[in-house]
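Dear colleague,

Please find the structure below, handed over for your further work. My notes on it follow directly after.

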Amino acid sequence: MRRICVMGTGYVGLVSGACLADFGNAVVAVDIDETRVELLRSGEVPIYEPGLEELVDRNRESGRLSFSSDVAFAIQSSEIVFICVGTPSLPSGEVDMSFVHNAARTIGQYMEDFKIVVNKSTVPVGTGDEVEQIIRKVRPDADFDVVSNPEFLREGSAIDDFMHPDRVVIGAGSQRAMEAVVDVYRPLYQNDTPMVLTGIQSAEMIKYASNALLAAKISFINEIASVCEAYGADVTAVARGMGLDERIGPRNLFAGAGYGGSCFPKDVQGLAATARRGEVDAPLIEAIDTSNVRQRRRMVDKLHHLVGDFSNKTICLLGLSFKPDTDDIREAPALEMVASLIEAGATVKAYDPAAMEHSKQEHPDLICCEDPYTAAQDADAVVLMTEWNEFRNMDLPRLLDCAATNRFLDCRNIYDPHEMVRLGFEYVSVGRVSRSPGESDDTSSWMIPGRFSPIRT
Ligand code: UDX
């Protein structure tokens, strides 16, 4: 059992804190936002993440997890301090490091004995040195070690990702720090989770390089989708054919509306900025974001092509969050669609199982509806933006009845094009041939590539 302080109760801090407590450690989570701490103390979890509330409750009740705004006490009573604060993007694409720097200063200010300072926030390579210098400046005599332990969790499956990771990465500059942090993850290494033990800079790079490659895979398949459209190929079949090559793998090869969320856009830009700062020419890394921005725009253009001028049109959007199982709308492709439509004079009616409240705050003109059918009422087109499971089993004939036209834009390729056309939709998707009812397709009886496309994992 280690005594741990987690600084920051955002996504990474809260999930990590609760999971580390569940591993048997004593965790106190602190935040400069006192209202948030009060909320957490009163038993509320201000984040939509399946299973998190139960995990927080269980560990709070057992006494292993507590929340506090007394940062001094939390630091002084812990051996290991995890920095889990936000690292947003600056307009230049550089990473805003002010929260990490403030956390380092606070640690220097309050520490009284040996501390291990673990950076879990996603940060550019070189941050470990910066944190060390900041603490050293505040407390020249301090005894401490800095460690990098990046987090790879995905929203919507965060707890499972934390509890069953593909690997744990720990970068340290001393044996005592490495051993202590490895010990924190004892339940994982005892279960044979691969541990990557390396230097601080390498650990920092592993996180950025992994996210950039995952994002690049998505941008790559999105560009392949456009080429598929131009030549009559089906991107779902292409992705399956590619993904079966073990060197490529099937994951993150789903063409769609472009990636969003709090990580990929920011981290890809952050890595490009880091390369520039190091005077490294990195055209491939620079292109990932450009390609993603174009993909989002391409969805707006597809809709334009389908319905014509947006002014005075009513558009139904299904899904607003940047991906299913979250209420997070940061960098969500759906919001770019909303903005373009509203700006061009369209009425936008939307339904999302979790993200309507946040979206309405950002776009007060958005009309939020109680279900997909109400949203589709009198719509000139239905646009599927996020592949929530409940959209996979909709009553499609009913949806068609509600809408004013039969136009359907599926930005996530979740429906079978042949089935949609058979039901009477004019169906457009991403990287697959678009068809209208009545258009013949003599291969449909014996070849349905979409049916054998990989299952999203
Ligand atoms: C990501 C990384 O996966 C995780 O390791 C890191 O710690 C944080 O960033 P997250 O942003 O929660 O996690 O979501 P993820 O499931 O990776 O999806 C990111 C975006 O890519 C979503 O907008 C999703 O719709 C999109 N995506 C994903 C695709 O368009 N196609 C795919 O094949 C996979």
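Predicted model: local features only at pLDDT ≥ 70, side-chain atom pairs only at ≥ 80, totals over all residues.

At roughly what angle do the axes of helix H12 and helix H13 cross? The axes of helix H12 (residues 264-277) and helix H13 (residues 283-307) cross at roughly 145° and come within 8 Å. Axes here are lines fitted to C-alpha atoms, for helices over the stretch in contact, and angles run from 0 to 180 degrees between N-to-C directions. Helices (H or I, at least four residues) and strands (E, at least two) are DSSP runs, numbered from the N terminus.

Residues are numbered from 1 along each chain as its sequence is written, and side-chain values use heavy atoms, with hydrogens and water left out.

The helix pair

The crossing of H12 past H13 is left-handed, a term that applies if the near helix is turned anticlockwise from the far one by less than a right angle. On the H12 side, the contact (heavy atoms within 4.5 Å) is made by Pro-265, Val-268, Gln-269, Leu-271, Ala-272 and Arg-276. H13 contributes Ile-285, Glu-286, Ile-288, Asp-289 and Arg-296. These residues divide into six nonpolar, one polar and four charged; Ala, Val, Leu, Ile, Met, Phe, Trp, Tyr, Cys and Pro count as nonpolar, Asp, Glu, Lys and Arg as charged, and the others, Gly among them, as polar.

The loops on either side of H12

Glu-279 lies in the loop between H12 and H13 and has a positive phi of about 55°, although it is not a glycine. Glu-279 is exposed, at a relative accessible area of 76%. Buried means under 20% relative accessible area, exposed over 50%, and partly exposed in between (1.4 Å probe, protein chains only).

The loop between helix H11 (235-243) and H12 holds Asn-252, a residue other than glycine whose phi is also positive, near 60°. Asn-252 is partly exposed, with a relative accessible area of 26%. Pro-250 is found in the loop between H11 and H12 and is partly exposed at 40%. Its C-alpha is 7.1 Å from that of Ala-239, 11 residues away in sequence.

The two domains

The domain assignment gives domain 1 (3-205) and domain 2 (228-428), with bounds that come from an automatic or database domain assignment. Their C-alpha centres lie 33 Å apart, and 16 residues of domain 1 are in contact with 20 residues of domain 2. Between them the domains bury about 1400 Å², 46% of it on carbon and sulfur atoms; buried area is the accessible area (1.4 Å probe) that two parts lose on being put together, summed over both. Tyr-48, Glu-94 and Glu-155 supply 42% of the area that domain 1 buries against domain 2, more than any other three residues.

Two further residues

Pro-50, in the loop between helix H2 (34-41) and helix H3 (52-61), is 276 residues from Thr-326 in sequence, yet their C-alpha atoms are 8.4 Å apart. Leaving aside neighbours within four places in sequence, Pro-50 is in contact with Gly-156, Ile-159 and Asp-325.

Val-382, in strand E12 (residues 381-384), counts as buried at 1% relative accessibility. Beyond four places in sequence, Val-382 touches several residues, among them Cys-316, Leu-318, Leu-399 and Phe-408.

With kind regards
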